[in-house]
Structure formats: structure tokens, C-alpha cells
Amino acid sequence: MKKTKLLFTLSIFALLSFDIIKNTYFFNPPQYFPQPTYDFQKNPLDSNKIELGRLLFYDPLLSANNSVSCASCHSPFNAFAHTDHDLSHGIFDSIGNRNAPALFNLAWQKSFMWDGAVNHLDMQALAPITHPSEMGSTINDVIEKLNASEEYKTLFFIAFQDSIINTSKILKSLSQFQLTLVSASAKYDQVMLGKDVFSDQEKNGHQLFKKNCAICHTEPLFSNFKFETNALPVDPSLNDLGRYSITQNPEDKNKFKVPSLRNLSYTYPYMHDGRFATLKEAIDHYTSNIENSDRLSPALKLPIKLTSNEKVDLIAFLLTLNDKEFVFNKKHQFKKISIETKE
Amino acid sequence: MKILIFIFLFLIGPLTFGQEALNIIFQPKFETENLVINKTYLFKTDTLKINSFKCYITNLKYYKNDSLVHVSRKRAHLIDATDSSTYYISEHKFFRFDELRFNIGVDSLTNVSGVYEGDLDPSKGMYWTWQSGYINFKLDGTSSRCPGRKNKFYWHIGGYLPPFNTLRKVSLKLNKSHPRQIYIQLNKLFEEIDVSEVYNVMSPSDKAIRISNKLQLLFKQVP
């Protein structure tokens, strides 16, 4: 028995020495991407922490009654959004008040959630874990459950050389996994790298995009990650005023964070409350339903006029932002890690 | 061999004889008594109970004749009335000082820099999960004058962004009598804030600012 323990310990150290590879191996965005916002020095990526984060991301243990995981609303096959659900679903069949956003290219985001309520990727997971309509748990409850699992204790030890499970280790692991969710392999990216070319229709769509959409949906991440209002009338059943609920600044009423347009086909329905089921409805909103107001995004003050042919071209371009390789990347999907701890 | 013993004594000597640890005590008080959680206090026309008191003391610095002599080794210190060991802040060396300067609450840089361990661990109940930010000062309880449900009041004072920045700086000039003992005089807050009017404060807001503006008044040297 002592021998197996010794072997086990030795194998852990072997894992440690071979498996820690430099940050760039796990996070290697293309040259034309801007500098990330996330400070990797404070949480350098390594395979053990990423894998632990992946396990936590898919584990319903994070919810109060072990029924809901992060992936319940952020499915890898939907670019980590929740296709076909206008509002997010949570524990005990509860329904939230916003559309679950897609998760990718998070290293470039300065704030999280539709209203920017969360100021750092490491802190983000606390919100859904504790929200009564999402996972309905507490961080102390999660720590207790993880500590009761020999498997997790071993994995935390492998990742952190310390088996004491605490908030920081949980959150940093979750961040590590989510930081590896980089979407940069769409046709658009291939064109940027000179490995592919746009069709004439896509090319025209790209020009229309640059003229009408790119101020907010800035290339190459397709968002400026700022808070803007796009003249969506407030849904009286939700009464969601967006950024205003965080800052209490009247200027921020009805402002929501500009979402990225990458992976659009996988992330419907659209807008913060999922009110538009199709891309066409979303584009029609911008061409037909923008009503001027003081707070309207300056980029929308001039009406966007598109013929129906131009709309078709624009959609053809937007479809080049679908990153199939990202969506079906096995490294991002659920993987059972099993460690033999029986003696 | 003798040389080895000599070297050994030389090395541990300063640890055992030369150094004296220095402790500062932050003692929560209700009027003249040390605070006792869930004890009933009769205060003016009010019957009060404190269920929970927690407060961050950060960036603690020691001064002598207006010049800095020591910066506390701990970035943030959480005082929690359920555990009196948290009232002590100890420094590993001894020095003389006549003034303390510190913040009540967590500074904005720490608030936006991700997750920490120790006293800043978000599991300490002093972090807002739905809207990032530390609670700087938390006082919960019941008051016979409080119109809230079951007479409960919640004073969760936090917020790091203007216009609702609730961090407050304290500098305490100390006389020689008890330079290492500070009282946190909680009854003072009930003199300054009307609990019948302000009782649910759980987000960065005008009400949080009103309370935060009074927090410096609670910190006093033991007379």
C-alpha cells in the first residue's frame, strides 16, 4: 500500500515536470488580434489548471442541487451560448432575465455580463454560481463539495501543488479554461491570413459592414466591448435597463455591452433578451426600427439604409465569421478525467 | 563543533531576544462595553442587536513625527466580530510610532485586480458576486426603530467607482497612554445615521455614501 502511494506521488511529480508548458502554447491568437486585457502573469496558463477548469466548467456540482453546470447554458456546440433559448435557464426550472452570452475571446474583455456587472474574468463565475435563478449555490458550498471529493483534491494538488481548495484556485482554474476559448479560425480569419479569399458577395458584404456596423462591432474581435443603446424598446415584462442598474447613471439607461458577431449562426437568438430569432430580424431592426433618442449610440444617429440585395451580401459576410473549428474543437468539450485513488 | 553552536546561537539570537512582536488591537465597542454579537443593547429609545460586524482595514501605515516608520505586512485585514482573534494586527518587528493611517475598505485597484486569497477571499461574505466589488464595512442587526422586515437592518457599505466610492481614509494621532489599542465605537453610527430611515443598504448608492462618510468617526484611541 505504501508502494502505491509512493508511486502515485512520484507520478504526480512526473506530471508536474513534464506538463507545464509555456503560456503561448495554450494561448496563441493571430498577429492581427490586439493585446489581450487579461493579465496572464497573475495566472499563467498551464495544462493542469486548464484541464481542472474544464472539468469544473462541465460539473453540475457547482449548482446547489448538482443539476446545472456552466455548460448547461454555455454549450460548446453553440459557441458557448444557449441556442434556441431567449432567456437563460437555471436551477429548479427557473428562468433568468437575459440571454446567455457566447463565451470566446474573453481575454480581450474588460468587463463581463451584458451590463458589465463583473469587472474581471476571475470573478465572473461567482455571479452564476450564487445567482438564485442560475446555480443557486454559494462559493463555500462549492468548496465543501469539492473538498469531499478525493478526485478533485488530487487534481487541485496536481494543478497547484497544494490540495487545499479555495475560492482563488477554483476561479483561476475556470478562468484558465475559458481563456483558451479563442475563436480565430473562421473563414474571415483565413482571409486575413491570406489563406482564403472572400467571394464577390462576401467582399461587398464586408464593405457594407465596415461602413455601417464596424464602429461598434470592431474588427477583428467584432466588438468594441463598450456599452451602447441600439434603440430596442424596453420589454415591460423584464424592465431591464442594462448598464444603468450598475452605474445608476441616467446616461446609461438601456445600454448593453456590444456583443461580438463571431459565430453568429451558432448563437441565436440575438440581443440581450434573445428577442430576435433570426439574423434577418436583427438587421431589419437596424435598418427600419431605430428611433432617435439622446442616448442612442452616435454610430446609429445616421440611418442605416440597405437594399434587400445588400442585406443578403451583408449576411454572406457575417457568415464568414462562423468558426466551425472553434465550435467543434474537442479540447473545449467535456472530457472525463479519472484518477485512480483506490488502494 | 563549538563553532557550529556559536553560529547557531548567532543566527537564532535575534529571533529570541532582540525582536518583540508588535500588536495593534481594533476592539469593536458598543458604548462602554466590548461588542457582543446578538446581545440586546438599550440605546436611547432603541433596542438594538448586532448580528454581524465585519470591516476591512487596509493599507495600514505607522508614523512617527509625521514620517513613515512601518508599512503593515498584510495588504488587507478583515475584522470579524464572530472571531476576536481578527481584532489583532501583528507586525513582526518592534518600532515606536505616534500615528496610524489606514483605509476603511478595499481600494479600487484591488477591486479590479481579480481574485485574492486570505482576508480578501470572496468567500468571506464581503464580496458582491452579482456586481463586482468588496463590501468595505458590514453591520447587520435588528433595531426596534427599524421599519424593515422583522426590524432587520442591513448596512453593507461598498462601492469603489465614483460617484459611489465608499473607501474612507483614517489617520489617528495617538497619545502615549494606549498607543496600540483602537476602539471601533459602533454606537456612534446609530447617533449619526437614523436606522428608522436608512436600513437596507446593499449596493453602491447615495445611502452607502451617507454611511461611509461617518465611518471615520467610529475609530478612536482608547482614552
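This is a predicted model: local features need pLDDT of at least 70, side-chain atom pairs count only at pLDDT 80 or more; totals for chains, interfaces and linings use all residues.
Two packed helices are described by the angle between their axes and the distance between the axes. In chain A, helix α3, which spans residues 47–57, and helix α9, which spans residues 167–179, have axes that come within 7 Å and cross at roughly 95°. Since angles of 65 to 115 degrees count as roughly perpendicular, α3(A) and α9(A) are therefore roughly perpendicular to each other. On the α3(A) side the residues in contact are A:K49, A:I50, A:L52, A:G53, A:R54, A:L56 and A:F57, and in α9(A) they meet A:I170, A:S173, A:L174, A:Q176, A:F177 and A:Q178. Sorted by class, the residues of this contact of α3(A) with α9(A) comprise seven nonpolar, four polar and two charged.

Helix α3 of chain A also takes part in a pairing of charges. Side chains of opposite charge can pair when their charged atoms come close. The side chains of A:E51 and A:K335 form a salt bridge, with 3.9 Å from N to O. This pair joins distant parts of the chain, for A:E51 belongs to helix α3 of chain A while A:K335 lies in the segment after α15 (324–327) of chain A, 284 residues apart. Over all chains, the rule gives a count of 23 salt bridges.

We turn next to the contact between the two chains. The size of an interface is often given as the accessible area lost when the parts come together. Chain B and chain A bury about 1700 Å² between them, and 52% of that area is on carbon and sulfur atoms. Of the area that chain B buries against chain A, B:V115, B:S123 and B:T129 supply 32%, more than any other three residues. In terms of residues, 21 from chain B are in contact with 22 from chain A. Across this interface of chain B and chain A the rule finds zero salt bridges, whereas it finds 10 residue pairs in polar contact, both residues at pLDDT 80 or more. The side of chain B that touches chain A contains 10 nonpolar, nine polar and two charged residues.

Some details of the backbone remain. Most residues other than glycine have a negative phi, and most peptide bonds are trans. The peptide bond from A:Y268 to A:P269, however, is cis, with omega near -5°, and A:P269 is located in the loop between β2 (256–257) and α13 (279–288) of chain A. In chain B, the peptide bond from B:P162 to B:P163 is cis, with omega near 5°, and B:P163 sits in the loop between β10 (152–158) and β11 (168–173). A:N239, a residue other than glycine, has a positive phi, near 50°, and lies in the loop between β1 (227–228) and α12 (244–247) of chain A.

Conventions. Residues are numbered from 1 along each chain as its sequence is written. Chains are lettered from A and ligands numbered from 1 in the order in which they are written. Side-chain values use heavy atoms; hydrogens and water are left out. Axes are lines fitted to C-alpha atoms, for helices over the stretch in contact, and angles run from 0 to 180 degrees between N-to-C directions. Helices (H or I, at least four residues) and strands (E, at least two) are DSSP runs, numbered from the N terminus. Angles under 35 degrees count as roughly parallel, over 145 as roughly antiparallel, 65 to 115 as roughly perpendicular and the rest as oblique. Contact means heavy atoms within 4.5 Å. Ala, Val, Leu, Ile, Met, Phe, Trp, Tyr, Cys and Pro count as nonpolar, Asp, Glu, Lys and Arg as charged, and the others, Gly among them, as polar. Buried area is the accessible area (1.4 Å probe) that two parts lose on being put together, summed over both. A salt bridge is a side-chain nitrogen of Lys or Arg within 4 Å of a carboxyl oxygen of Asp or Glu. A polar contact is a pair of N or O atoms within 3.5 Å; within protein, one must be able to donate a hydrogen and the other to accept it, and residues adjacent in sequence count only if both atoms are side-chain atoms.
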